[in-house]
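Here are some notes to read with the model open in your viewer.

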Amino acid sequence: MNAAAVVERFNQAFDAQDVDAIMALMTQDCVFEDTTPPDGIRHVGPAAVRTAWEKLFASSAEIRFTTEEVVEAGDHVVVRWRYGYAGGHVRGVDLFLVRGDLVAQKAAYVKG
């Protein structure tokens, strides 16, 4: 499976806010860097990454990510997205590193 297809499966699980499905698509040494200002918080390992997803989804049931563009470059994938929430939205990008059929890293950046 190519890297973009892996990220597409990941994004489908993410849109469904299905933390179990998200984690099933991540490596055992996974890393997630969130958008917390000013430089983001780095979550390392399945337990820390799972907790980050759970907190994100618990913060608002009304969030909606919309994929605007996907660019694949070998085992790296860039996704440009729109994050909608009650009262507004922001735009940003995710930088993914795919290893095999799993996401090893996801670094998120948001326009401020």
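1. Start with phenylalanine 10. Setting aside neighbours within four places in sequence, phenylalanine 10 is in contact with Ile22, Leu25, Met26, Trp53, Phe96, Val103 and Lys106; contact here means heavy atoms within 4.5 Å.

2. Before going on, some ground rules. This is a predicted model, where local features need pLDDT of at least 70 and side-chain atom pairs count only at pLDDT 80 or more, while totals for chains, interfaces and linings use all residues. Residues are numbered from 1 along each chain as its sequence is written, and side-chain values use heavy atoms, with hydrogens and water left out.

3. Now the core. A nonpolar core is a set of buried Ala, Val, Leu, Ile, Met, Phe, Trp, Tyr and Cys residues joined through side-chain atoms within 4.5 Å, and buried means under 20% relative accessible area (1.4 Å probe, protein chains only). The largest such core has 27 residues, of which Phe10, Ile22, Met26 and Trp53 touch the most other members. Among the elements giving it two or more residues are α2 (19-24), β1 (26-33) and α3 (46-59), but the largest share, six residues, comes from α1.

4. Buried in α1 are Ala3, Ala4, Val6, Val7, Phe10, Asn11, Ala13 and Phe14. After α1 comes glutamine 17, with a positive phi near 55 degrees.

5. Look at the rings next. There are ten aromatic pairs, counting Phe, Tyr and Trp (its six-membered ring) with centres within 6.5 Å; planes under 30 degrees apart are stacked, over 60 edge-to-face, and the rest tilted. Phenylalanine 65 and tryptophan 81 sit with centres 5.3 Å apart and planes at 75 degrees, so they are edge-to-face. Since phenylalanine 65 is in β3 (residues 64-73) and tryptophan 81 in β4 (residues 76-85), the pair ties together parts 16 residues apart in sequence.

6. Phenylalanine 65 also pairs with tyrosine 83: centres 4.8 Å apart, planes at 40 degrees, so tilted. Tyrosine 83 counts as buried at 16% relative accessibility, and phenylalanine 65 does at 17%.

Methods:
Buried means under 20% relative accessible area, exposed over 50%, partly exposed in between (1.4 Å probe, protein chains only). Helices (H or I, at least four residues) and strands (E, at least two) are DSSP runs, numbered from the N terminus.
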